[in-house]
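Here is a short walk through one protein model. Keep the structure in view and follow along.

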Amino acid sequence: MTSDAETVRLRRTKSVTRAEEIQQHEAKVRRSQPDKPCHRPRDSLFTWSSGFTNFTGLINWGFLLLTMGGVRLLLENLIKYGIRVDPQQWLIVLTGCQEGGTEHPSFYLVLYSVVPVSITLLIEKGLAEDAVQARLGMIGHIANICVMIMLPMLVIYIKSTAFSLFGASTVCFIYSVLFLKMWSYVQVNLWCRNARNAANKPQLRRQSVSMSDLDNGKPVQNEHYEEEPHLVSYPDNLNAKDMVFFIFAPTLCYELNFPRTDRIRKRFLLKRLLEVVILMQLIMCLFQQWIIPSVKNSLIPFSNMDVIKATERLLKLSIPNHLVWLTFFYLSFHSFLNLMGELLHFADRNFYSDWWNSNNIDIFWRSWNLPVHRWAVRHLYIPLVEQGFSKTFASTSVFFISAFFHEYLVSVPLRTFKIWAFMGMMGQIPLSVFCKKIEARFGGRWGNIIVWASLILGQPLCIMMYYHDYVITHFGEALLENYAEV
């Protein structure tokens, strides 16, 4: 016996089916009439219920319109400023010959980076041979990597006039990468050492094989009987050759046995090398011709808090800045890292995912820089969760470390200690929550639009803020009063 709800559902099904039959019959009758009807129930294409999804023509139109707008801005820039591209200025900036003094401390700091790396290797060898106590070795590692990351800050602050901007930025980038690599190196060797110690503990003895078993034809279980691939095991990995390979490998996560390729593809290598050379020139041209004038022109409106004019300058700066950012992404994560991977026979080339399809800013940060993402998950997020901390605390810690290094790479070379980059990264947490709510209510397309908007507008805003603070810090507010817009 069916329930009342099932009866109602059955009636609704019958009524819907009956309505469809009536509509089909009516349509058939209308087609047979002599007035030749051309209308039928249909939705407009722009309504969601229409089911229409092919907007390729509109995408082409948008791309063409964006290109025309970019060309117009480029022509406006050329008419207003002329050709500002000067390869001689590139060499001046890269060598820092007109900045700083004759001491070249950035060069010596790069050379000194070998010292903390060597100390890490020596401590690990001592721990592997039980020549160094575990507690003492861990204290030594923590002190070594903390001094390594703090050293550029102190030297650049003390000898500020001796550093060029490019030299200070290079030093900070190298030391940041080494900090992450040494953290991974120490932690992975700790895992291996703990596994070795656990394996060396007394265990139940295996049952021995007797001669009678052999005579009776019972197979002998030998784990090493079959030929196995040659893999490095702990502590055979603790040598200078292995360390040097890891330092130059395009990864931040250490392993005893990295996946390797059999050969170097010369054509692939040549393509990546040409891309690195050409794209570096393109980025420097865009900086000279487009970004530097736009940033200078934003100083007075931003300082006077002229919201309308500052917003206009922000939008004007956003296009060349975003173009440089996209070019730099391709140069770094595709061209350069693939170049290093090919030279070192490094087989894992998954350096980025489809971040451009991210419906949430959280997905973007997990997709666009996979070497950093893998390091954060492997060496920070998972260890914190395994120690009993909540996932929210672990995620916040990851963003905190990322925010610190973003601020480190900007404030230290500029010698302008602000917190704009730090706050921008920590602001990604509430932005992620907002994106998830928008995605849940309006769909993934709107979440993706918010991600793109934050990337396009957030970076030039940060540049304008740091440039304003840099001018105030190093040249004084008097410069703003006499500053004439270019």
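Start with the lining of the largest cavity: by class, three residues are nonpolar, two are polar and two are charged. Here Ala, Val, Leu, Ile, Met, Phe, Trp, Tyr, Cys and Pro count as nonpolar, Asp, Glu, Lys and Arg as charged, and the others, Gly among them, as polar. The model is predicted: local features need pLDDT of at least 70, side-chain atom pairs count only at pLDDT 80 or more, and totals for chains, interfaces and linings use all residues. Residues are numbered from 1 along each chain as its sequence is written, and side-chain values use heavy atoms, leaving out hydrogens and water.

Which residues line the largest cavity? They are Leu-73, Glu-76, Asn-77, Tyr-81, Trp-290, Ser-294 and Lys-316. A cavity is a set of points on a 1 Å grid over the protein atoms alone where a 1.4 Å probe fits but cannot get out; lining residues have an atom within 4 Å of a point. The largest cavity holds about 60 Å³ of space. Helix H2 (56–81) and helix H10 (266–297) each supply at least two lining residues. H2 gives the most, with four. Helices are DSSP runs (H or I, at least four residues), numbered from the N terminus.

Now move to Ser-367, in helix H13 (residues 361–367). Ser-367 is buried, with a relative accessible area of 8%; buried means under 20% (1.4 Å probe, protein chains only). A polar atom of the Ser-367 side chain lies 2.7 Å from the backbone oxygen of Ile-363.

Finish with two cysteines. Cys-172 is buried at 0% relative accessible area, and Cys-435 is buried at 1%.

Definitions and conventions:
Buried < 20%, exposed > 50% of the residue type's maximum accessible area, 1.4 Å probe, protein only. 1 Å grid on protein atoms, 1.4 Å probe; cavity = no way out; pocket = protein on both sides within 12 Å on 5 of 7 lines; lining within 4 Å. Points joined across faces, edges and corners; volume = space filled by probe spheres on them. Polar contact = N/O pair within 3.5 Å; in protein donor to acceptor, adjacent residues only side chain to side chain.
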